[in-house]
Amino acid sequence: MNKLLKPFVFLFIAAAVSACSKTDDPGLTFEPEGVPPIVDFDVVAGDDPFTWKFTNKTSNFKEVTWRFGDDSVAYDNAPEHLYKTTGKFQVTLTATSESGKTAQVLKEINITPDDVFLVSATGTAVANRLKFTAETDVDVEKIDWRIVDNTRPNPVTTTSSEMSPEFNVPVGMIAPVRATLTSKKGSVAIQNKNASTEGIVTDFTKSLVAYTVTEDNTSNANETSKELFDPNNDDKGKFLIGWSSGKTWNVTMEFGGPETMKFYSIANGNDSPGRSPKSWKIEGSNDKEKWTLVDTRTLDKHWHQQLVDRGFPNTNAGTEWKKFYYPVTTPGSYKYYRLTVTANFGDGLIQFGELIFFK
C-alpha cells in the first residue's frame, strides 16, 4: 500500500506546480520587452557665435547625456554650451529608457572664423601703409595682430595688440597677416589673411575649372603645364619648354565664374636665370572672343638678380622657388584669363613655376 501511494503524491505535487505557473496571479509581474527612446533635440545660437543652446525633444527616456564634440559633457534637458575655439563639432545626444534601452542622434555645429569677425585693411596718408580693422559683434577682450615681411632672406615679423593697428606692406609682395581674437568669455578665433598694397586680397586660383596651353612639355612629365597650378602643393614644380627669339606662348584659364583679379604671382624656377620670363601680358574675357588687357610687364632684371639685390645668396639654392607678386593695372570682372609670355632673358629654354591669382 505504501509503495503505491508515493508515486501518486509526487504526481499530484507536480500537477499543482504546473497549474500555478499558468494562472494569472495578479501578484506576479513580467519584464516587458524594452522600448528604446525616440531621440531628437533643437539647437539655436546664443548671444555670440561660440555659445549654443540645446533643447531635448526626446520621448520615452529616463536620462540623457550630451557630448558637444569638444570633450565636454552635460546631463540636463536644456544645456547651454560655450565653445572655446572655432571648428566643426559633432554634438551627440544619447537617451536611456526606463528599461535600459538607449538611442542617440548626432548633429553638427560649424563655427568659422568669419562667423566671429571679419578683417579689412584700408590705405592711409602714408604710402604703402595700411590700417587694419576687425568687424565683430563679439564682446572682445583683445586682438593680437601679426604681419610678416618676406621680402628679405630673414623674414621680419611685426606685432600689435591695438584694436586697429597700422602696418607697412611691402611693395609688390603679399604679406601674411594673422589676427587672433579673444572674447571676454575666453573663446579664441584666428583669421589668416593676405595683405597687399591694395588691401586684403584672397586667392581664387582654386576656382579654376579648366585651362589650355599653346604648347606643353612632352619630354618630361615632371615639368608640364600642370605644375603651373601646383598639383602637389609643394611650391617646387616648374613648367619648361624650348624658346627662341620672337616666340610667344600662352595659357588660357577658365574659372567657375567671373572674378576680379587684383594681384597675381608667378614663381621662380630653381636654376638658369636666363630662362625666366622677361615680358608678358594678362587679358580677361567673358566669352573667349573679346579680350581686354588687364596687365602687362617687361622686367629690367631677371628674378634671380632681383633676389640677390634684396640680399638673398647669389646661388641657385639661395633664390629658387620664390614667388613674385604684381598688382593688376586695370582690373575687371572676367570668367576667362589669358597669360601670354612674349620674351625671356635670352636662354634657349623658358621656365617658371606656380601661378596664383588674387581678388
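The side chains of N56 and T58 form a polar contact at 2.7 Å. The model is predicted, and the protein chain has an average pLDDT of 90, with 90% of the residues at 70 or above.

**Confidence**
- Residues 1-31 have pLDDT under 50, and the model gives them one contact beyond four places in sequence.
- Where pLDDT is low, the predicted coordinates should not be read in detail.

**Surroundings of N56**
- N56 belongs to strand β2, which spans residues 51-56.
- Its relative accessible area is 14%, so N56 is buried.
- Beyond four places in sequence, N56 touches D40, F41, F61, V64, W66, N77 and L93.

**Nonpolar cores**
- The largest nonpolar core has 37 residues, of which F54, W66, Y83, V91, V116, F132 and W145 touch the most other members.
- Another core, of 31 residues, lies apart from it and includes V294, Y337, F352 and L355.
- Contacts of V91 beyond four places in sequence include F41, F54, W66, Y83 and I109.

**Aromatic groups**
- The whole structure contains 23 aromatic pairs.
- W66 and F68 are stacked, because their ring planes lie at 5°, with the ring centres 6.5 Å apart.
- W66 is buried at 0% relative accessibility, and F68 is buried at 2%.
- One aromatic cluster is formed by F204, F255, Y334, Y337 and F357.

**Charges over rings**
- K335 lies over the face of Y336, 6.0 Å from the ring centre.
- R338 lies over the face of W291, at 4.2 Å from the ring centre.

Note on methods:
Residues are numbered from 1 along each chain as its sequence is written. This is a predicted model: local features need pLDDT of at least 70, side-chain atom pairs count only at pLDDT 80 or more; totals for chains, interfaces and linings use all residues. Side-chain values use heavy atoms; hydrogens and water are left out. pLDDT is the predictor's confidence in each residue, from 0 to 100. Contact means heavy atoms within 4.5 Å. Helices (H or I, at least four residues) and strands (E, at least two) are DSSP runs, numbered from the N terminus. Buried means under 20% relative accessible area, exposed over 50%, partly exposed in between (1.4 Å probe, protein chains only). A polar contact is a pair of N or O atoms within 3.5 Å; within protein, one must be able to donate a hydrogen and the other to accept it, and residues adjacent in sequence count only if both atoms are side-chain atoms. A nonpolar core is a set of buried Ala, Val, Leu, Ile, Met, Phe, Trp, Tyr and Cys residues joined through side-chain atoms within 4.5 Å. Rings of Phe, Tyr and Trp (its six-membered ring) pair if their centres lie within 6.5 Å; planes under 30 degrees apart count as stacked, over 60 as edge-to-face and the rest as tilted. A charge sits over a ring if NZ of Lys or CZ of Arg is within 6 Å of the ring centre and within 35 degrees of the ring normal.
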